[in-house]
Amino acid sequence: MARIPFNKPSLVGREFALLEDALGRGQLSGDGHFTKLCNAEIAELTDASTALLTHSCTAALEMAAILCDLAPGDEVIMPSFTFVSTANAVALRGAVPVFVDIDPDTLNIDPSQVEAAITPKTRAIFAVHYAGFPADMDALADIARAHDLLLVEDAAQALGSTYKGRKAGSLGDMAAFSFHETKNIISGEGGALTVMRPDLIERAEIIREKGTNRSRFLRGQVDKYTWVDIGSSFLPGELVAAFLYGQLEQEPAIRRTRLGLFDHYHAAFADLAARGRVALPRQPKETTGNGHMFYLLMRDIEDRDAFITHLRDHDIIAPFHYVPLHSAPGGRRFGRADHDLPVTDETYARLVRLPLYFTLGDEIDRVIDISRAWLGANA
Ligand SMILES: *Cc1c(COP(=O)(O)O)cnc(C)c1O
């Protein structure tokens, strides 16, 4: 029987034809025909005022950190339970990631902990939409407004998700998306920054174009472009954009397929969850997800490791994450947590991700059968 990986990137539509089209247009650098199409499509899928393609979500987060005008010593509040790029973007500005705990029901940042972590140096909140389920953005927006903070969504996992009927990517001042091959919509490496604040849009374009006003030049608004601000090369080339556009066109179908797999997993483990053997993802109130990820919460780290080993022995690859940032060497060096973060530590020890990708199909039942057999034998 074939090995079931935890993720498998796949072609879903016109990617090859669009790559050929891009090659025929004579522009392989960024901001050409396909970049414009992707920007418009991402703005549509997120309801954001502006979307700018980047070469990764990491890059989009770095742009967001520059747009927050972070200076050395400034603080940004974020969950410890996230990918390293959320924190690294802040550390690169010389600012301090301040780590807080997550809500045990949603695994998203806990707004009450955010409130408690605010100091005179706090400049922004970076909220992660874990597993594609949006964080409690109304509560976070209230806190941000009361303390004059910027609110950034790390929406790497959340394209197509909604919160109270509003789309991820339009829920804060800015949002960062990922098109890494492990996400729902892919281009190998890729990302986007969406911007909601009109006063930040022009600066976002400048930062993305190496600190120049090239975007205005391309629109014919200035005769020559020149260095006007700090920035870097945050944009992908046209081949990446062409491939990505082929994926973005299929976003509804990809989301539907992944949500079907998510629901199938959920139903298959419901009895074991009811008996308390495992815990399952809980959909936060008034949100819709995008089927990005399905996980089980095991009893403890020994239970988790034994389960992962059992799956691997049956050629099924199931990873765990995230090694908490607040206690990692980088987190201790560049960041801070004001107290223990028990939910973060416990979630890291208990969480196992099951394979979930567009072409998983009936193989999902093999994952379920082999998982259930072990859980039954190790009740
Ligand atoms: C994947 C991911 C990132 C990084 O995305 P890249 O496109 O690989 O840079 C950042 N934050 C979160 C929460 C992610 O899941």
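1. Helix α9. The buried residues of α9 pack against α1, α2, β1 (50-54) and α10 (251-268). Contact here means heavy atoms within 4.5 Å. Helices (H or I, at least four residues) and strands (E, at least two) are DSSP runs, numbered from the N terminus. Nine of the eleven residues of α9 (residues 238-248) are buried, so the helix is largely enclosed by the rest of the structure. Buried means under 20% relative accessible area, exposed over 50%, and partly exposed in between (1.4 Å probe, protein chains only). The buried set is E238, A241, A242, F243, L244, Y245, G246, Q247 and L248.

2. Basis. This is a predicted model: local features need pLDDT of at least 70, side-chain atom pairs count only at pLDDT 80 or more, and totals for chains, interfaces and linings use all residues. Residues are numbered from 1 along each chain as its sequence is written, and side-chain values use heavy atoms, with hydrogens and water left out.

3. Strand β8. Five of the five residues of β8 (residues 174-178) are buried, so this strand is also largely enclosed by the rest of the structure. M174, A176 and S178 point one way; A175 and F177 point the other way. β8 pairs with β5 in the parallel sense over three bridges. In that pairing V152 stands opposite M174. With β9 (residues 191-195), β8 pairs in the antiparallel sense over five bridges. There F177 stands opposite A192. Two strands count as paired if DSSP finds at least two bridges between them.

4. The UniProt annotation "active site", from an unreviewed entry, covers K183. UniProt positions follow the numbering used here, feature names are shortened, and annotations may be inferred rather than shown by experiment. K183 sits in the loop between β8 and β9. K183 is buried, with a relative accessible area of 17%. Not counting residues up to four places away in sequence, K183 touches A156, Q157, S178, R258 and H292.

5. Largest nonpolar core. A nonpolar core is a set of buried Ala, Val, Leu, Ile, Met, Phe, Trp, Tyr and Cys residues joined through side-chain atoms within 4.5 Å. The largest one has 39 residues, of which Y130, Y265, F269, F294, L296, F307 and L354 touch the most other members. Elements giving two or more residues to this core are α10, β11 (294-297), α12, β12 (351-354) and α15 (363-377). The largest share, six residues, comes from α15. Domain 1 (15-248) and domain 2 (251-377) both give residues to the core, so it lies between them. The domain bounds come from an automatic or database domain assignment.

6. Y130 and the second core. Leaving aside neighbours within four places in sequence, Y130 is in contact with F81, L107, N108, Q157, M293, Y295, H321, Y322 and L351. A second, separate core of 35 residues includes C57, L67, L150 and L200.

7. Backbone points to check. Most residues other than glycine have a negative phi, and most peptide bonds are trans. The bond from H321 to Y322 is cis, with omega near -15 degrees. Y322 is in the loop between α12 (301-313) and α13 (329-334). D31, not a glycine, has a positive phi of about 65 degrees. D31 lies in the loop between α1 (15-24) and α2 (33-46), and is buried at 13% relative accessible area. D148, also not a glycine, has a positive phi of about 55 degrees. D148 lies in the loop between α6 (137-147) and β5 (150-154). At 71% relative accessibility, D148 counts as exposed.
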